[in-house]
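Hi everyone, thanks for coming. Let me put the structure up and then walk you through how its parts pack.

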Amino acid sequence: LAAAPLPTRMLTAAALATCGDVLSQRMSRRADGDAHDWSRTQRMALWYSTGSAIPGHFWYTYIVDRLVWAHGIRGIIMKIALEELVYTPPLHAAFFFSYAKMQGRSNAEAIEIVREK
């Protein structure tokens with residue numbers, strides 16, 4: 001991690017997303033008897049290794065510590081507020097837009113999906 005933090009975080013995110021999606025599909029599809037959707041698993045791994053790990057690396061490593069000057073409980077509250085109000089909303093919008101595009105949907109359809117969420 002110390003030698004190559006970003007690639008390590010990207011690989012870790014891809015591995016966790018893959019495991020999480022495989023388990024999720026196993027649990028939800030077991031009752032239906034549906035086959036595993038490997039393209040969905042690949043899309044999740046791709047998103048989390050790039051769309052989540054890269055912004056998260058820069059947000060938590062460089063940005064948030066420069067924006068929050070307080071320490072203790074006040075600093076924790078400020079970091080949580082920044083994450084919930086500044087970082088998370090555009091990240092979620094980017095996730096739903098990117099995922100729709102990876103499914104082959106048009107820009108207009110992807111934007112509509114983001115609006116629905």
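So, at what angle do helix 1 and helix 2 pack, and how far apart are their axes? Before I answer, some housekeeping: this is a predicted model, where local features need pLDDT of at least 70, side-chain atom pairs count only at pLDDT 80 or more, and totals for chains, interfaces and linings use all residues. Residues are numbered from 1 along each chain as its sequence is written, and side-chain values use heavy atoms, with hydrogens and water left out.

Okay, the answer. Helix 1 (residues 5–29) and helix 2 (residues 38–67) pack at about 140°, and their axes are 7 Å apart. That makes helix 1 oblique to helix 2. On the wording: angles under 35 degrees count as roughly parallel, over 145 as roughly antiparallel, 65 to 115 as roughly perpendicular, and the rest as oblique. Axes are lines fitted to C-alpha atoms, for helices over the stretch in contact, and angles run from 0 to 180 degrees between N-to-C directions. Helices here are DSSP runs (H or I, at least four residues), numbered from the N terminus.

Sorting that contact by class, you get 14 nonpolar, 8 polar and 4 charged residues.

Staying with helix 1: its buried residues (under 20% relative accessible area, 1.4 Å probe, protein chains only) are Ala13, Ala14, Ala17, Asp21 and Gln25. And what do they pack against? Helix 2, with contact meaning heavy atoms within 4.5 Å. Remember that an α-helix has 3.6 residues a turn, so residues three or four places apart point the same way.

Next pair. Helix 2 and helix 3 (residues 72–102) pack at about 155°, with axes 11 Å apart. They are therefore roughly antiparallel to each other. By class, that contact has 17 nonpolar, 4 polar and 5 charged residues.

Now zoom in on Gly51, which lies in helix 2. Gly51 counts as buried because its relative accessibility is 12%. Apart from neighbours within four places in sequence, Gly51 is in contact with Leu46 and Leu91. Leu91 is 40 residues away along the chain, yet the two C-alpha atoms, of Gly51 and Leu91, are separated by 8.0 Å.

Last pair: the axes of helix 3 and helix 4 (residues 107–116) come within 8 Å and cross at roughly 145°. On the helix 3 side the contact includes Phe96 and Phe97, and on the helix 4 side Ile111 and Val114 are among the residues. By class there are 8 nonpolar, 1 polar and 1 charged residues.

That's my tour, thanks!

Note on methods: Helix = DSSP H or I, 4+ residues; strand = E, 2+ residues; numbered from the N terminus. Nonpolar A, V, L, I, M, F, W, Y, C, P; charged D, E, K, R; others polar. Buried < 20%, exposed > 50% of the residue type's maximum accessible area, 1.4 Å probe, protein only.
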